[in-house]
Every structure is written in C-alpha cells, then in structure tokens.
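I set down each term with its cut-offs where I use it.

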Amino acid sequence: MSQTEGARLFRETWIAGVHQHFPGEPKSGYVTPWADTPQWEREAAGSVYEQVRHFIEISDGRTSRLSREQKGRFIATCWTAQMFKHFDDPKPGYVADWPDLPAWQQETDADIFEAIEKALN
C-alpha cells in the first residue's frame, strides 16, 4: 500500500470512528471526505500511516499483542508530532496528551492502528 493509499485508509477509518464513537453530531471538519481534506492533513495522515507501518514491520507483526490503548497512544503521539510539524502554535486540543483526549478520540485512534494492521496482513 502506498503512502497516499495509507493516508486515505487513515482518513476513512477516522471518519468511520467519529461516526461510531462521537457522542452526538460531530463537527463537519471531523468528517470531511478525502477529496476535501486539506493538503497538510493528507500529508500528516500519510506520515502517521508510514510510522505505524514501519513500527509493525520492525516488530515482526507482534504489535497485535499490544492493547487497544497502547495502539491508540501510538497514533495519538505520532499525530501530535505532525501537528507540531505543520503548525508553529497548534491549538491545545491538537496536541493534547492521551489522558486529556476524549474517549471517542481514543477509540478512533485505536481503530486507525488496527485498520493499518489489518491492511498489512
């Protein structure tokens, strides 16, 4: 899977997770389709996909033994680094630490990791 395809997988899984886990009606920006996703966000999603792909590969696929929380934390940390890359002064919510993320976002992040794992098998 190319980085662009991985970025799309990331975004599509994010949107599905928001629809599944978000309480109430999500902001439109949370569920913007790929075609309308800003370039910086596409690049960030592709970079995180590559980080997860590489992590899975160098772990010989043993990431399947990580807990959902560990998988979600990895996604969240990688995403935070991308926010610092793309924004000089990102909004606090963009760079919140794992315990400060809402439960719906934690679940969605874990879903993303697991979708990438599945795609690589």
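I began with the term for a charged pair: a salt bridge is a side-chain nitrogen of Lys or Arg within 4 Å of a carboxyl oxygen of Asp or Glu. I noted that this is a predicted model, in which local features need pLDDT of at least 70 and side-chain atom pairs count only at pLDDT 80 or more, while totals for chains, interfaces and linings use all residues. Residues are numbered from 1 along each chain as its sequence is written, and side-chain values use heavy atoms, with hydrogens and water left out.

**Entry 1**

I looked up Arg 68 and found its side chain in a salt bridge with that of Glu 107, at 2.7 Å from N to O. The pair links distant parts of the chain, 39 residues apart: Arg 68 is in helix H3 (residues 68–86) and Glu 107 is in helix H4. For helices I used DSSP runs (H or I, at least four residues), numbered from the N terminus. Arg 68 counts as partly exposed because its relative accessibility is 29%. Glu 107, at 34%, is also placed in the partly exposed class.

I then asked which residues are linked in a network of salt bridges. They are Arg 68, Lys 71, Glu 107, Asp 111, Glu 114 and Glu 117.

**Entry 1: how H3 meets H4**

Two packed helices are described by the angle between their axes and the distance between the axes. Axes here are lines fitted to C-alpha atoms, for helices over the stretch in contact, and angles run from 0 to 180 degrees between N-to-C directions. The axes of H3 and H4 come within 7 Å and cross at roughly 95°. H3 is therefore roughly perpendicular to H4, a class that covers 65 to 115 degrees. Contact means heavy atoms within 4.5 Å. Residues making this contact include Arg 68, Gly 72 and Ile 75 of H3, and Glu 107, Asp 109 and Phe 113 of H4.

Where is Asp 109, and what does it touch? I located Asp 109 in helix H4 (residues 103–120). Not counting residues up to four places away in sequence, Asp 109 touches Trp 14, Gly 72, Ile 75, Ala 76, Trp 98 and Leu 101. Asp 109 is buried yet has no salt bridge, and the nearest side chain of opposite charge, Arg 68, is 9.5 Å away. In that search, Lys and Arg count as positive and Asp and Glu as negative, while His and the chain ends are not counted.

**Entry 4**

A search of the whole structure gave ten salt bridges. One of them joins Arg 8 to Glu 12, with the closest N and O atoms 3.7 Å apart. Both residues lie in helix H1 (residues 3–21), four residues apart, about one turn of the helix. Arg 8 is partly exposed at 37%, and Glu 12 is partly exposed at 43%.

Arg 53 and Glu 50 also meet in a salt bridge, at 2.7 Å from N to O. They lie in helix H2 (residues 39–58), three residues apart, about one turn of the helix.

**Entry 2: two further residues**

I found Ser 47 in helix H2. Ser 47 is buried, because its relative accessible area is 19%. Leaving aside neighbours within four places in sequence, Ser 47 is in contact with Gln 3 and Gln 82. Glu 25 lies in the loop between H1 and H2 and counts as exposed, at 71%.

How values were computed. Helices (H or I, at least four residues) and strands (E, at least two) are DSSP runs, numbered from the N terminus. Buried means under 20% relative accessible area, exposed over 50%, partly exposed in between (1.4 Å probe, protein chains only). Angles under 35 degrees count as roughly parallel, over 145 as roughly antiparallel, 65 to 115 as roughly perpendicular and the rest as oblique.
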